[in-house]
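I'm opening a notebook page on this structure.

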Amino acid sequence: MRGFPKWFPGRGFGTDYATVAAWAAAVSDDANSIQQDPAYVSDSDLHLQTTSPLIATGTNVPGITNDFDNQARSPTSPCIGADEIIDADVQIDKSNGVTGLLNGQSTVYAIVVANAGPVAANGASVTDTLPATLINGSWACVQAQSTATRPTPDAGVGNLASTVNLNVGQHLRFDVLGTVDGTVGAFVTNTASVAVPNTLNDPSPGNNSATDQDPILSIGLFADGFENSSRANLTVPGAVAEMGE
Ligand SMILES: [Ca+2]
Ligand SMILES: [Ca+2]
Ligand SMILES: [Ca+2]
């Protein structure tokens, strides 16, 4: 983000320019400037709407750390203008694809976490703390079925706890493995959650957790019905496809 020299618009070094692009090319300056409707909330409210083309299209200016709401500027891709938008709608869903489990059985939960924007969610946390009815837990990020870069580390034993970077429209797939340890009639209730870092705001917190619950069955008895996880948490197209929703 930067201001134009006082002789803008339209004239530089004795020549008139019709567009910002022509100006920027001619004077080798203001390369990040754009010529579009900024989509302010109103003529008197210069907050950006979430559809604004100014979101995350600026260049960091050293020393400009906060916007006019005193919200932190992105260090890498701030918004152009006075307002920084800090909304990122992260979402999660999970399923093991079955509606009942047997004691001693291994089961794998597919977990997909996504970011519907409008800004990147760098440093989002993904957690899945296994219940007492699941033992020998382990987890891994499945890069081949993800569009975001896998986190480091990308696998572990025990509960899933990972910090991820999700650009707008990206998703990550995790697999969580566990062994059922419980009595017939008890439930295996497993919840996965995602949260934005404290520098961001999630405008839709309701889709930030997903639970898969299955009864522990006796051998020979099978649950009747279809897998039914939250099924409504994901709106990012690639993430929806990944979970088969
Ligand atoms: Ca703001
Ligand atoms: Ca959300
Ligand atoms: Ca299930």
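**One valine**

I began with Val-108, which counts as partly exposed because it has 15 C-beta neighbours inside 10 Å. For the record, a residue is buried with 20 or more other C-beta atoms within 10 Å of its own, exposed with 12 or fewer, and partly exposed in between, the C-beta atoms being placed from the backbone. Before going on, I note that this is a predicted model, where local features need pLDDT of at least 70, side-chain atom pairs count only at pLDDT 80 or more, and totals for chains, interfaces and linings use all residues. Residues are numbered from 1 along each chain as its sequence is written, while chains are lettered from A and ligands numbered from 1 in the order in which they are written.

Which residues does Val-108 touch, leaving aside its neighbours within four places in sequence? I found Asn-96, Asp-175 and Leu-177; contact means C-beta atoms, placed from the backbone, within 7 Å. I also checked Ile-34, 74 residues apart from Val-108 along the chain, and their C-alpha atoms are separated by 48 Å.

**The sheet around it**

Val-108 sits in strand S5. Strands (E, at least two residues) and helices (H or I, at least four) are DSSP runs, numbered from the N terminus. S5 covers residues 106–118 and pairs with S3 in the antiparallel sense over seven bridges; strands pair if DSSP finds at least two bridges between them. At the residue level, I see Ser-95 bridged to Ala-110 in S5, and Ala-88 bridged to Pro-118 in S5.

Both strands belong to an open, antiparallel sheet of five, in the order S3-S5-S10-S7-S8. Its edge strands are S3 (88–95) and S8 (155–157), each pairing on one side only.

Is S3 mostly covered or uncovered? I get eight of its eight residues buried. Side chains in a regular strand alternate between the two faces of the sheet. In S3, I have Ala-88, Val-90, Ile-92 and Lys-94 pointing one way and Asp-89, Gln-91, Asp-93 and Ser-95 the other way, all of them buried.

**Cores**

Next I looked up the nonpolar cores, meaning sets of buried Ala, Val, Leu, Ile, Met, Phe, Trp, Tyr and Cys residues joined through C-beta atoms within 7 Å. The largest has 41 residues, and Ile-111, Val-113 and Leu-166 have the most contacts inside it. S5 gives the most to this core, with seven residues. Val-113 is in contact with Val-90, Ile-92, Val-126, Val-164, His-171, Leu-172 and Val-194, again leaving aside neighbours within four places in sequence. I also noted a second, separate core of six residues, among them Leu-101, Leu-134, Val-180 and Val-188.

**The whole chain**

Stepping back, I count two helices and twelve strands in the protein chain. Why do I call this chain more spread out than a compact globule? Its radius of gyration is 24 Å, well over the 18 Å that the globule rule gives for 245 residues. That radius is taken over C-alpha atoms, and the rule is 2.2 Å times the number of residues to the power 0.38. The C-alpha atoms fill a box of roughly 85 × 30 × 30 Å along the principal axes. Buried residues make up 33% of the 245.

Methods:
Contact = placed C-beta atoms within 7 Å.
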